[in-house]
Every structure is written in structure tokens, then in C-alpha cells.
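Here are my notes on the model, as numbered points. Please read them with the structure open beside you.

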Amino acid sequence: MEPHVDIVHGWTNEDLVDLKKDFMGLANAVFGMFVTDDYYKSKFMDNIYGPSMVTVAYVDGYPAGADVMWRNDLAGEKAYQTVDTCVLEKYRGMGLFRKMTNYELDILGSDTLVYGFPNANSYPGYVKMG
């Protein structure tokens with residue numbers, strides 16, 4: 001039976017208690033303990049450009065992957081930078097990276113500038129997505 005995947009998002013100017021907790025847990029599990037409440041607040045909530053989008057992928061109800069579209073305008077143009085993207089090792093190869101990214105791009109719309117600085121893990125996914 002195919003696992004059920006739900007992609008959920010929220011904005012950092014909203015009350016995201018569960019989504020924030022799931023994002024922080026995933027990021028810390030994948031990257032090590034660096035996402036603290038202070039990090040989250042200073043980077044995503046106190047952002048001078050506005051709210052960022054937090055996205056979590058749930059597989060059969062369990063948080064499996066996360067991404068943030070960090071509001072980070074460029075040259076006065078509204079822009080988002082994809083940051084802190086992570087998928088638990090157990091769930092890699094399921095297309096969660098692509099599903100989260102496409103979901104986010106659909107919400108932001110084609111008129112919004114989105115950019116990133118891929119690492120060795122995310123670069124092949126971005127190449128596959130064009």
C-alpha cells in the first residue's frame with residue numbers, strides 16, 4: 001500500500017505551534033541541534049521583509065520532511081529563498097523534496113522570485129525539476 005503524503009504550510013506571522021514544532025524537530029534531527037526558538041524567531045518571525053512560509057510533509061501522519069521559503073527580498077523585489085530543507089533519511093527517495101517545492105511554488109505563484117543555494121543533497125533535485 002502506497003504511503004499517504006500530506007503537505008501542510010503556514011506563515012510565520014500566524015500561530016504555528018504544531019507546524020513550528022514539527023519543522024524544528026525535523027531540522028534538528030537532520031542537521032543537528034541548531035534550530036532553537038531564538039533562531040526561528042530572529043530568522044523567520046522578526047524578518048524585516050515579512051512572513052516566511054513553513055512547509056512540512058507528513059507521511060502517514062508522521063512529520064517526514066520540511067522546508068522554509070524564507071522571505072528575503074532582492075533589490076526591492078519580493079523574493080523567497082528556500083532554506084533549511086530537510087527529509088528524514090527513512091523517507092528519502094519518496095519525492096518529498098519535489099512535492100514540497102512544487103506545493104510551495106504553486107502557492108507563491110509564478111510572479112514571485114524564488115531562489116536558493118543548493119547543497120550536494122538538494123542540487124540533484126533542483127536539476128531534475130528544471
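1. K41 has a relative accessibility of 41% and therefore counts as partly exposed; the scale calls a residue buried under 20% relative accessible area, exposed over 50% and partly exposed in between, with a 1.4 Å probe and protein chains only. The side chain of K41 meets that of D46 in a salt bridge, with 2.8 Å from N to O. A salt bridge here is a side-chain nitrogen of Lys or Arg within 4 Å of a carboxyl oxygen of Asp or Glu. D46 is likewise partly exposed, at 44%.

2. This is a predicted model, in which local features need pLDDT of at least 70 and side-chain atom pairs count only at pLDDT 80 or more, while totals for chains, interfaces and linings use all residues. Residues are numbered from 1 along each chain as its sequence is written, and side-chain values use heavy atoms, with hydrogens and water left out.

3. The count of salt bridges comes to five. One of them joins D84 to K43, with the closest N and O atoms 3.9 Å apart. D84 lies in strand β4 and K43 in helix α2, so this pair ties together parts that are 41 residues apart in sequence. Helices (H or I, at least four residues) and strands (E, at least two) are DSSP runs, numbered from the N terminus. K43 is buried at 19% relative accessibility, and D84 is buried at 13%.

4. R71 and D73 form another salt bridge, whose closest N and O atoms are 2.6 Å apart. Are these two residues buried or exposed? R71 counts as buried at 13% relative accessibility, and D73 is buried with a relative accessible area of 15%.

5. Two backbone angles deserve a look. Most residues other than glycine have a negative phi. D84 has a positive phi near 50 degrees and is not a glycine; its place is in strand β4. D60 also has a positive phi, of about 50 degrees, without being a glycine. D60 sits in the loop between β2 and β3 and is exposed, with a relative accessible area of 56%.

6. On the overall fold, the protein has four helices and five strands, and along the sequence they follow the pattern β-α-α-β-β-β-α-β-α. The strands form an open sheet with the order β1-β2-β3-β4-β5 and mixed pairing; two strands pair if DSSP finds at least two bridges between them. At the edges are β1 (5–11) and β5 (113–115), each of which pairs on one side only. On average, neighbouring strands of this sheet are turned by 25 degrees against each other, direction ignored. Axes are lines fitted to C-alpha atoms, for helices over the stretch in contact, and angles run from 0 to 180 degrees between N-to-C directions.

7. How do β4 and β5 run, and how many bridges join them? The two strands are parallel and are joined by three bridges. Y80 stands opposite V114 in β5. Helix α3 packs on the sheet and touches β1, β2, β3, β4 and β5, with its direction at about 45 degrees to that of β1.

8. The largest nonpolar core has 26 residues, and F23, F44, V54, V56, V68, Y91 and L96 touch the most other members. Such a core is a set of buried Ala, Val, Leu, Ile, Met, Phe, Trp, Tyr and Cys residues joined through side-chain atoms within 4.5 Å. Two or more residues come from each of α1 (17–31), α2 (37–45), β2 (53–59), β3 (62–71), β4 (79–87) and α3 (96–108). Another core, of five residues, lies apart from it and includes W11, M69, Y80 and L108.

9. For V56, neighbours within four places in sequence are set aside; its contacts are then D6, I7, V8, L19, D22, F23, L26, P63, G65 and A66. Contact means heavy atoms within 4.5 Å. Across the protein, of the contacts between residues at least 6 apart in sequence, 64% join residues at least 24 apart.

10. Buried residues make up 44% of the 130 residues. The radius of gyration is 14 Å, which agrees with the value near 14 Å for a compact globule of 130 residues; it is taken over C-alpha atoms, and the globule rule is 2.2 Å times the number of residues to the power 0.38. Along the principal axes, the C-alpha atoms fill a box of roughly 45 × 35 × 25 Å.
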